[in-house]
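Welcome! Take a look at the sequence and the 3D picture below, and then we will walk through a few parts together.

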Amino acid sequence: MIKSMTGFGKGEFSDGKRNITVEIKTVNHRYCDITVKMPRRYSFAEDKIKNAVKEVVRRGKVDVSIMVENIADDDINVQLNTPVAKQYYDNLKELANTFGLEDKITLQFLATLPDVMRSVPDASDEEEITNALLAPVREAAKRLDEMRTIEGAKLAEDLEMRSGLIRDITAKIAERAPMVEKNYAEKLKERISELVEGSITIPEDRILLEAAIFADKSNITEELVRLDSHLIQLNSIIAKSNQPDGKKLDFLVQEMNREANTIGSKANDIEITNLMLGIKAEVEKIREQVQNIE
């Protein structure tokens, strides 16, 4: 089953010490790119959080947002960073002396400066906190996966429908193609007659030879076969996919577009050209949808 790269999942967890809410959003991306936003004091758990997300998401731009509400006093420790505070104080005193300022440096001001006071989890609780964080992360990832699977099913349905439309059009082209040589021969004969005005008799076999040369140059059988083969592969991947196949599908769409362009340039027939425009329109819609597939 193919999956969409776009989705959202939310997970919540509470253990009596903290309430944790996790939201995961994903959008299209060539690779698996995971960004985790959470309080800095829990950064020790970031790698494990990313690994938990990778169990579900294998391709896409992933934003993981983690919000932690501490409801117990013993969940964190507030630490004073005295060396940092002293450097702030010394630098501020030097600044005051340099510019002749008399403003006093207060305790309240020093305490608000970055990294003077830091809230950090107790090191002995890292494993417990990591497990607490992973619980809602896995729940959010599960719900994200469910949403991406549902969206993937819709994408698969649309791709199969458009594949069917293209095969219908190619059938009409295959039916029309044999008539192109005959029409060319008739038009060639009429044109020659107009030019020579009956003063010269052109051998019939010469006209047929020219028509045969034209038919050889404008033969699109090989391209139609390859295009149909690409459509078969497309449907097979959609039906049997159990891994990220977006890049493979993207390559197939490029090949389909290549065959469509070749058919349009070789056919030399307005009706086939018009039919080919319909194929190119459907291929472009498939290409847009494939960009959303993991």
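How far does helix α8 reach from its first C-alpha to its last? Keep in mind that this is a predicted model.

## Helix α8

Helix α8 runs over residues 270–290, which makes 21 residues. From first C-alpha to last, α8 reaches 30 Å, close to the 30 Å expected at 1.5 Å a residue.

Now see which residues of α8 are tucked away: Ile272, Leu275, Met276, Ile279, Glu282, Val283, Ile286 and Val290 are buried. They lie on the same side of α8, because they cover an arc of only 120 degrees around the axis.

## Helix α7

Helix α7 covers residues 246–267 and has 22 residues. Its reach, again from first C-alpha to last, is 31 Å, close to the expected 32 Å. Among the buried residues of α7 are Leu249, Leu252, Val253, Met256 and Ile263, and also Glu255 and Glu259.

After α7 comes Asn268, with a positive phi near 55 degrees.

Which strand pairs with β1? Strand β1 (residues 7–14) pairs with strand β2 (residues 18–27) in the antiparallel sense, over eight bridges.

How values were computed
Residues numbered from 1 in each chain as written. Predicted model: local features only at pLDDT ≥ 70, side-chain atom pairs only at ≥ 80, totals over all residues. Heavy atoms only, no water. Helix = DSSP H or I, 4+ residues; strand = E, 2+ residues; numbered from the N terminus. Expected span 1.5 Å × (residues − 1). Buried < 20%, exposed > 50% of the residue type's maximum accessible area, 1.4 Å probe, protein only. Arc of directions from axis to C-beta. Pairing = 2+ DSSP bridges.
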